[in-house]
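Q: Please take a close look at one helix of this model. I want to know how it is packed, and then how the parts around it and elsewhere compare with that picture.

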Amino acid sequence: MTSIKTLSNHKPILGRAAFLAVVVLAVFLSGCGDKKKDKVVSQIAAKVNKEEITVHQINFVLQQQRALPPEEAASASKQALERLIDQELAVQKAEDQKIDRDPRVLQQIEAARREIISRAYVERIGSGVTKPSPEEIKKYYDANPALFKERRIYNLQELAIEATPAQVEELRAKLQATKDVNEFVGFLNSSGYKFTGNQAVRPAERLPLSSLDKFAKLKDGQAVFNAMPNGAQVVVVAGSRSQPVDEEHARVAIEQFLLNERKRKIVEDDLKALRGAAHIEYVGDYVKGAAKPVQGTAEAVPTKSPLVGEPAAAPAAPVPSATDAAASAAR
């Protein structure tokens with residue numbers, strides 16, 4: 001009887017234990033589910049109608065803003081979210097109106113897709129290049145005194161002149177024959193030439209690298225004559241001042257420049273190999289392939305004085321930049 005009583009007393013005890021175990025397990029699972037749900041919800045920053053805007057989208061927008069101070073991160077995040085909300089509203093309305101199916105829009109989307117994918121490929125093949133050695137950095141520094149040891153800041157003034165090929169030679173000869181640029185400007189006005197003038201201050205590293213040695217040899221008041229496809233360009237060194245950069249301060253900038261050059265070369269070689277292995281056939285008006293750009297020729301012309309009557313500053317440089325090898329070092 002005792003054993004039977006003991007057995008009968010254990011049944012309810014085992015039942016309660018099993019019930020408690022189930023309850024505990026249910027609570028545990030429920031808690032895990034809530035945490036997972038909370039984690040998912042925490043990635044959502046806003047809901048716009050039926051669409052969600054996530055924290056990842058905000059972070060991606062912020063990544064495009066370089067050098068964002070930490071103290072501005074919170075406000076920048078909110079601003080990014082508001083812009084994404086406006087964007088989502090515009091997208092939803094555009095989809096309602098079938099704008100996303102417009103041929104021009106589809107073409108732009110495809111062009112953007114190709115650009116993103118090709119850029120990612122280029123970045124990948126360029127990511128494996130090795131950094132230049134200290135010896136290579138020193139060699140570049142010594143080989144480019146106009147960028148570093150003898151670096152100058154140039155006050156440049158430019159004349160862009162419309163002219164035919166025959167007139168270009170006339171302009172070249174006239175500039176060489178005049179005693180100063182003021183006289184040359186008078187000739188342009190009296191002869192009916194159309195021209196515009198610009199002025200800008202540029203350090204050596206903001207000049208075309210291929211022309212830098214030529215500019216470095218010019219004295220103040222001298223000019224460079226460039227034959228252009230639609231006329232001629234005269235760039236006058238109105239003034240300059242010496243501002244050298246030592247090797248220690250130039251090292252980081254040179255390293256980055258040489259690294260970028262290596263990436264450019266490996267990408268260039270890769271694309272050349274891809275072209276060699278591919279079957280490319282030009283069709284219709286493009287049978288002869290893409291036309292090569294006309295290269296201008298530069299010639300230094302001595303003059304005695306800078307241009308007069310030009311604005312104190314121009315919105316753009318008279319000549320394009322070719323390298324930033326010493327830009328950060330010079331600041």
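A: Contact here means heavy atoms within 4.5 Å of each other. Helices (H or I, at least four residues) and strands (E, at least two) are DSSP runs, numbered from the N terminus. The model is predicted, so local features need pLDDT of at least 70 and side-chain atom pairs pLDDT 80 or more, while totals for chains, interfaces and linings use all residues. Residues are numbered from 1 along each chain as its sequence is written, and side-chain values use heavy atoms, without hydrogens or water.

Start with the helix itself, α7. It spans residues 181–191. Its buried residues (under 20% relative accessible area, 1.4 Å probe, protein chains only) are Val181, Phe184, Val185, Phe187 and Leu188. Viewed down the axis of α7, these residues fall within an arc of 155 degrees, so they line one face of the helix. That arc is taken from the directions that run from the helix axis to the C-beta atoms. The general rule behind such a face is simple: an α-helix has 3.6 residues a turn, so residues three or four places apart point the same way.

The face away from the buried side carries Asn189 and Ser190, both exposed, meaning over 50% relative accessible area, with partly exposed in between. Just after the helix comes Gly192, with a positive phi of about 80 degrees.

Follow β6 back along the chain. The loop between β5 (223–228) and β6 holds Pro229. Pro229 counts as exposed because its relative accessibility is 58%. Pro229 and Val168 lie 61 residues apart in sequence, yet 9.9 Å apart in space, C-alpha to C-alpha.

For comparison, take helix α2, residues 55–63. Its buried residues are Ile58, Val61 and Leu62. Around the axis they cover an arc of only 100 degrees, which puts them on the same side of α2. The other side of α2 shows His56, Phe60 and Gln63, which are exposed. The buried residues of α2 pack against β1 (44–48), β2 (51–54) and α3 (73–96).

Next, the aromatic rings. Rings of Phe, Tyr and Trp (its six-membered ring) pair if their centres lie within 6.5 Å; planes under 30 degrees apart are stacked, over 60 edge-to-face, and the rest tilted. The structure holds six aromatic pairs. One of them joins Tyr140 and Phe148: edge-to-face, 6.2 Å centre to centre, with 70 degrees between the planes. Both Tyr140 and Phe148 are buried. Ring pairs also tie Tyr140, Tyr141, Phe148 and Phe257 into a cluster.

Last, the whole protein. It has ten helices and seven strands. Of its 331 residues, 28% count as buried. Among contacts between residues at least 6 apart in sequence, 76% join residues at least 24 apart.
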